[in-house]
Amino acid sequence: MQADFNRPILAIDTSTSYLSLALRHRDQAHVYHKAVGTKQSELILPQIGALFAKAGIGAADLGAIVYAQGPGAFTGLRIGTGVAQGLAAPFTTPLIGIPCLDAVAYQRPNQACVLAATDARMGEVFYAWFDTVNHRRLSDYQVGKAAEITAPDGMTCSDGIGNAFALADKPPFDGETDMPTAADYLNLAATGRYPATDAAEAELLYVRNKIALTAKEQAERKGQA
């Protein structure tokens, strides 16, 4: 399945507490990016409708829908992917999943070794190392304690990016706290490096099987604090 980038393209990122949407049509980008907390499910369809109205198009006109694939907030990812599938299925619109850590890393282009790290909650971070010069991922997508992150074998790396660098327990490298918007996901999709699928085959990228602390773990953490 092929995306048609000569037609309007919609991008959806609900991997954090932000609702981030971008619609590119005739070289113009219409963007909605706002911290909405738990109101993503309430606002996502009305805001997509508002973007369609600004561009004068409908869902049937889309050449592809880009969505944040994860890792990220479990509920948010499911909301975004579900809406993307719902908009795509009636018109067999291609879907393009972009791993969230890729979108984070490519805010730092032309870096031979950059750490993308985001807040995974429960005292952990999602992370991966990238060579954004040669468009290579240098490690697996991982989740773990920030203090335990090490550079890829044989490489000297010191540059990082992502909201994990705003945490009290941040990774042991220099880093900026910038996070991507849906417009960044659009730009990555346009490179052609990420495959398009039909709605039924859209997948999320999970690197953690556990999504919440048990009551005992929460109590132990409070006691340690």
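Predicted model: local features only at pLDDT ≥ 70, side-chain atom pairs only at ≥ 80, totals over all residues.
H135 is found in the loop that runs between β7 (124–131) and β8 (136–137), and its phi angle is near 55 degrees, which is a positive value in a residue other than glycine.

A positive phi in a residue other than glycine is also found at N110, where the angle is near 60 degrees. N110 lies in the loop between α3 (100–105) and β6 (114–121), and with a relative accessible area of 62% this residue is exposed, since the value is over the 50% that marks exposure. A further backbone feature is the cis peptide bond that joins G70 and P71, for which omega is about 0 degrees; P71 has its place in the loop between β4 (64–70) and α2 (74–88).

In helix α1, which comprises residues 40–55, I44 was examined in turn. I44 has a relative accessible area of 1% and is therefore buried, as this value is under the 20% cut-off. When residues up to four places away in sequence are not counted, I44 touches I12, T14, L19, L21, I79, G80 and V83. The C-alpha atoms of I44 and S20 are 8.9 Å apart in space, although the two residues are 24 residues apart in sequence. According to the UniProt annotation "domain: Gcp-like", taken from an unreviewed entry, the domain covers residues 40–136; in the model this span is 38% helix and 30% strand, and its end C-alpha atoms lie 32 Å apart.

Strand β1, formed by residues 9–13, is mostly covered, and five of its five residues are buried.

Two pairings of β1 were identified. With strand β2 (residues 18–25), β1 pairs in the antiparallel sense over five bridges, and L10 stands opposite L23 in β2; these two strands are joined by a hairpin through four residues. With β4, by contrast, β1 pairs in the parallel sense over four bridges, and the bridge partner of I12 in β4 is Y67.

Key: Residues numbered from 1 in each chain as written. Heavy atoms only, no water. Buried < 20%, exposed > 50% of the residue type's maximum accessible area, 1.4 Å probe, protein only. Contact = heavy atoms within 4.5 Å. UniProt positions renumbered as here; feature names shortened; annotations may be inferred. Pairing = 2+ DSSP bridges.
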